[in-house]
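Please view the sequence and the model together while reading.

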Amino acid sequence: MSSSSAPRVANFLSGLPLYSEEGKKLEPYEEAQVEVPEEYMSSAIDLMNRRKGMMMEMSAGEGNSSTQTVKYRIPTRGLIGLRNSLLTATRGTVCAFEYR
């Protein structure tokens, strides 16, 4: 006979504290940088804001004056599917997308 036990959830954040000292839950955040043409900037900003991102910096794109670069602090869960959503929102013209 095989015995079954209750399923356990793997804790992939084993080295990080899950609660602050005040008992509030913590959430992992990433820094995302997006470079898009100016005409699609509002679509990209709206998308990042809907995913609970906080704009940290906005500047002209490197070498090309028709693009803008924005840096966001965004929850890790907000990154899931973000690349495809950005490509759709900008009609495939997003120049660069990276996060760390």
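Is Glu 27 buried, partly exposed or exposed? Glu 27 is partly exposed, with a relative accessible area of 34%; buried means under 20%, exposed over 50%, and partly exposed in between (1.4 Å probe, protein chains only). The model is predicted, with local features requiring pLDDT of at least 70 and side-chain atom pairs pLDDT 80 or more, while totals for chains, interfaces and linings use all residues. Residues are numbered from 1 along each chain as its sequence is written, and side-chain values use heavy atoms, without hydrogens and water.

The side chain of Glu 27 meets that of Arg 77 in a salt bridge (a side-chain nitrogen of Lys or Arg within 4 Å of a carboxyl oxygen of Asp or Glu). Glu 27 lies in the segment before strand 1 and Arg 77 in the loop between strand 3 and helix 2 (82-89), 50 residues apart. The count comes to 2 salt bridges:

| Pair | N to O distance |
|---|---|
| Arg 77 and Glu 27 | 2.4 Å |
| Arg 50 and Asp 46 | 3.2 Å |

Arg 50 and Asp 46 both lie in helix 1, 4 residues apart. Arg 50 is exposed at 56% relative accessible area, and Asp 46 is partly exposed at 40%.

Helices (H or I, at least four residues) and strands (E, at least two) are DSSP runs, numbered from the N terminus; strands pair if DSSP finds at least two bridges between them. An open sheet of 4 strands has the order 2-3-1-4, with antiparallel pairing. Strand 2 (54-60) and strand 4 (96-99) stand at the edges, each with a single partner strand. Strand 1 (residues 29-37) is joined to strand 3 (residues 67-75) by 9 bridges, and Glu 31 stands opposite Arg 73 in strand 3.
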